[in-house]
Amino acid sequence: MNFSRIILEWYEQNKRLLPWRRTKEPYRIWLSEIMLQQTRVAQGIPYYMKFVEAFPKVQDLAAASEEQVLKLWQGLGYYSRARNLHATAKIITEKYNGKFPDTYKELLQLKGIGDYTASAIASICFGRPEAVVDGNVYRVLARYYGIDLPINSSEGVLYFKELAKDIMDAKNIRDYNQGIMEFGALQCAPKNPDCGSCPLQKSCVAFATNSIDNLPVKIKKNKVRNRYFNYLVLVDENKQTLLQQRKGSGIWQNLYEFPLLESEKYIDQGEVAGNLKELVSLQEPSEIYLYNESKIVHKLSHQHLHTRFWIITFESNLENGIQIAELHKYPVPVLIADFIKTFKI
């Protein structure tokens, strides 16, 4: 039995009942695919349900404010996905009259849609014979065929894409593409794959050569950068504080945070006080103290944020102050959201 036939039969027997599998509607498939980039399925499901409820159609998403979209996205990380999602919803609504283009080439032109997402939408929604290659597919193919080309090298990307095209089942592309991704997620998992019950075991090169744990190969890239964030939580006599919106192209673009003092290393109360006037034009504070005695290290893909929250109280009123009780309404990074949940004064 050939590779694609085995994948299709396995998928028929083992597929999970996921909410986006009940539809071929491009908007919902696109929504799920964008959310599942860098996100586990279990984590993505509640976000998918929230978005579908808040924005049942692509036009509803297009009509929302960016702040609404970012707030609903809060906690999923990689926020550029949410901004691209919003921008593409507007393009689909305005340029395409609310209907997604049905070819790989046209889909690829949309913001935030790369090779994998364009292939997934074209095949799942429109039955186009386009091969998908995501992390799960790389793993299955690298192990089954014993390929040690790095999957994040330009040569590896091209090789795996061509191989995926050669072996796909073009007539049953919708189920085949979902099947090979599901197979990688459940059967040929990254750690402790279930080789004992694997229907591909007999002809799997990695199994035969005991190299399952070594495949796929990935080139190690950037070193982790350590950064030191000191958040200044200003509190006035009316229990108001200040938030600022992050601008520029760095992390958390357009999300809100407390005024930030970034340092080269951990700093003390005196250094916070010394830098305060440069950041906020206010009278002398009545008190400055560290809120979190234990260390907080927020880990992003290439950055570790060593974070301290400094509470700074004033006896006057803050201009443009926000009630502390209202902070939960703003789209903020998870690091800030976790602090807000515990903050009491």
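In the predicted model, a network of salt bridges links Arg16, Arg21 and Glu182. Arginine 21 is located in the loop between α1 (3-14) and α2 (26-35), whereas glutamate 182 belongs to helix α11, so the pair ties together parts that lie 161 residues apart in sequence.

The structure contains 11 salt bridges by the rule applied. Among them is a contact between the side chains of glutamate 326 and lysine 329, with an N to O distance of 2.7 Å. Glutamate 326 counts as partly exposed because its relative accessibility is 32%. Another of the salt bridges joins lysine 341 to aspartate 338, with the closest N and O atoms 3.8 Å apart. Both residues lie in helix α14 (residues 334-342); because they are three residues apart there, about one helical turn separates them. Lysine 341 counts as exposed at 67% relative accessibility, while aspartate 338, at 40%, counts as partly exposed.

Two cavities of 30 Å³ or more were found in a search of the whole structure. The largest cavity has a volume of about 150 Å³. Its lining comprises 15 residues, of which Arg143, Cys188, Cys195, Cys198 and Cys204 are the closest to the centre. Helix α9 (residues 135-145) contributes three residues, the most given to this lining. By residue class, the lining of the largest cavity consists of 11 nonpolar, two polar and two charged residues.

The second largest cavity holds about 40 Å³ of space. Ala131, Val132, Val137, Leu141, Ala164, Ile167, Tyr176, Asn177 and Ile180 form its lining. Two or more of these residues come from each of the elements α9, α10 (154-167) and α11 (173-186). Helix α11 supplies the largest share, with three residues. Eight residues of the lining of the second largest cavity are nonpolar and one is polar, with no charged residue present.

Technical notes
Residues are numbered from 1 along each chain as its sequence is written. This is a predicted model: local features need pLDDT of at least 70, side-chain atom pairs count only at pLDDT 80 or more; totals for chains, interfaces and linings use all residues. Side-chain values use heavy atoms; hydrogens and water are left out. On a 1 Å grid over the protein atoms alone, a cavity is a set of points where a 1.4 Å probe fits but cannot get out, and a pocket is an open set with protein on both sides within 12 Å along at least five of seven lines; lining residues have an atom within 4 Å of a point. Grid points are joined across faces, edges and corners, and a volume is the space filled by probe spheres set on the points. Helices (H or I, at least four residues) and strands (E, at least two) are DSSP runs, numbered from the N terminus. Ala, Val, Leu, Ile, Met, Phe, Trp, Tyr, Cys and Pro count as nonpolar, Asp, Glu, Lys and Arg as charged, and the others, Gly among them, as polar. A salt bridge is a side-chain nitrogen of Lys or Arg within 4 Å of a carboxyl oxygen of Asp or Glu. Buried means under 20% relative accessible area, exposed over 50%, partly exposed in between (1.4 Å probe, protein chains only).
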